[in-house]
Amino acid sequence: MTAVAAPPRAAGRNGTSSLTGTGELARLALRRDRYFLPAWLYVLTAVIASTAYSFKGLYPTGPERAALAASLRGNPSMTALAGPVYGDSLGALTTWKVGLAAAVGAALMGIFTVIRHTRADEEAGRLELVGSTVLGRQAALAASLVVAFGACLVLAVLIAAAMIFLGLPAGGGLALGAAIGLTGAVFAAVAAVSAQLSDSARASRGIAGGVLGLAYLLRTVGDAGSGLSWLSWASPLGWAERLRPFAGERWWVAGLSLVAAATLTGAACLLAARRDLAAGLLPSRPGRARAPGWLRSPSALAWQLQRVSLLWWTFGFAATGAVLGASAKGIGATLNSAQAREFIIRLGGRSGLIDAYFAALIVVLGVTAAAYGVAAALRPRGEESEQRAELVLATPTGRIRWVAGHLVIAAVGTAVLLGAAGVLAGLAYGLRTGDVATQLPRLVGAALAQVPAAWLMAGIAVAATGLAPRMAVPVSWTALGVIALLTLVGPTLRLPQWVMDISPFTHVPKLPGGSFTVSPLLWLAGIAVVLAVAGLAGLRRRDLS
């Protein structure tokens, strides 16, 4: 159990405010998140800054940028995927390219931060321990929101500073930072409400994540030009787009996010005052009196715990593959800049522009699938830290058998995600070109070739769990962040080859179109196995928790 510093006792119980102890709990939360929050801030800022820097080299002239913007406006698939293009400046194109992804990242940062310090602490019994001192009823909720809102503010400032440092207009940089930071604040407030509704951290994250998914769906339908553009105004992600950084900023749109965050925060406070500690306002559904026959093994339990997550990830990969496949046919008109074509070729190979385009984007999918693999491989560590693993291991089940089910899901799930993306991309592109029989196997094979590299990242998570459990989460996600930056930004920065070789994705054949060699894939898979075995050996010998 994480050590908790008790807030100072008040002079008398009658003088205790509902916010007593908020400052102390906020400082404790910042200490607990000293690795988690800086990693989020660094990755989100680095993605935006590196994209702006790459656009400077890819589209150095105004006419090239104007032609790119015009081609993007005529591509409904790209608009649905990344949002509308409101301008042809470097800042506007950067906003189109990564603004939505950064806003989603900020939303996830806010959700995870708030629920970790509210519902998760209640579920683990930490808030009950702290509440035995003089602590205000709203202190934990207030402290979590102070930390989450503060992180969003810091993120907004960092993004604005990065854009200004790169020579872009200050007003646009401030607007982009505000759009992303305010999105994170809105969903932090959504998480504060969801933490009052459910009695478990997992369900609270599911509710908040469902709201985020609905917001993304509304924005996608509204941006797709289907006559339902008003739906984008019903989504906080749509508000971030319509603030229009670097394209005639409309600052009044930021007021929508401020009002939403304030309203949801007030609602969360009212709900928190009307429920008991460790209880949720929504009734929890009791489980079966007897477990089904198939739920008798650790592997079945692992599947029960991870199946919903795998389903949603698969849906997201399939949808992304369909959009990428549908938009590939007109990619030549979109990549009107020689520098942009060269970038795609550097990242995806020299086998033709469309093949290079697919290869480049499949690499991005491979890195994203690695994120799923890392999360699935870290699930046993989460079960251990929340003391549920002890209940399983109190039975005749051994540690290796307990972890094995999660590792199988991490390995097979990664392949399922990439396979789903490859199938939908092959079908979409094949239907547009009238050659499904050729394109489907080519793109499925290209996607599955990324699997060993993704497995290696999951292997790092397993090794960290077994050998350095307290550092497993920061080590695993930091390693993935570094590899992602090397893989996706390295070609733009023209990093030395020995630096690029650190990334396992550098060694994957550039498919479709490139020459296929099986030896690097075997090496990557072998290293992943060695890392997993080292982690399992460490797990057998160390104490739990």
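What percentage of the 545 residues in the protein chain is made up of buried residues? I looked this up and found that buried residues make up 52% of them, where buried means under 20% relative accessible area, exposed means over 50% and partly exposed lies in between, with a 1.4 Å probe and protein chains only.

**Ground rules.** I note that this is a predicted model, in which local features need pLDDT of at least 70 and side-chain atom pairs count only at pLDDT 80 or more, while totals for chains, interfaces and linings use all residues. Residues are numbered from 1 along each chain as its sequence is written, and side-chain values use heavy atoms, with hydrogens and water left out.

**Whole chain.** I listed 24 helices and zero strands in the protein chain; these are DSSP runs numbered from the N terminus, with helices being H or I of at least four residues and strands being E of at least two. I then looked at contacts, meaning heavy atoms within 4.5 Å, and among those between residues at least 6 apart in sequence, 75% join residues at least 24 apart.

**α9 and α10.** I followed helix α9 (residues 170-197) and helix α10 (residues 201-223), whose axes come within 8 Å and cross at roughly 140°. Axes here are lines fitted to C-alpha atoms, for helices over the stretch in contact, and angles run from 0 to 180 degrees between N-to-C directions. α9 and α10 are therefore oblique to each other, given that angles under 35 degrees count as roughly parallel, over 145 as roughly antiparallel, 65 to 115 as roughly perpendicular and the rest as oblique. I recorded the crossing of α9 past α10 as right-handed; a crossing is right-handed if the near helix is turned clockwise from the far one by less than a right angle, and left-handed if anticlockwise. Among the residues that meet are Phe 187, Val 190 and Ala 191 in α9 and Ile 207, Ala 208 and Val 211 in α10. The residues of this contact divide into 10 nonpolar, two polar and no charged, where Ala, Val, Leu, Ile, Met, Phe, Trp, Tyr, Cys and Pro count as nonpolar, Asp, Glu, Lys and Arg as charged, and the others, Gly among them, as polar.

**Gln 196.** Within helix α9 I also looked at Gln 196, which is buried, with a relative accessible area of 2%. The side chain of Gln 196 reaches the backbone oxygen of Ala 192 at 3.0 Å.

**Thr 95.** I found Thr 95 in helix α5 (residues 90-117), and with a relative accessible area of 16% Thr 95 is buried. A polar atom of its side chain lies 2.9 Å from the backbone oxygen of Gly 91. Leaving aside residues up to four places away in sequence, Thr 95 touches Leu 100, Leu 176, Pro 245 and Phe 246.

**α21 and α24.** The axes of α21 and helix α24 (residues 519-541) come within 7 Å and cross at roughly 15°; α21 and α24 are therefore roughly parallel to each other. I noted that α21 passes α24 in a left-handed crossing, and that the residues of their contact divide into 17 nonpolar, four polar and no charged.

In the loop between α21 (451-467) and α22 I found Arg 470, which counts as exposed at 69% relative accessibility. The C-alpha atoms of Arg 470 and Ser 385 are separated by 9.2 Å, although these residues are 85 apart along the chain. Val 475, in helix α22 (residues 472-493), counts as partly exposed at 36% relative accessibility.

Conventions: Polar contact = N/O pair within 3.5 Å; in protein donor to acceptor, adjacent residues only side chain to side chain.
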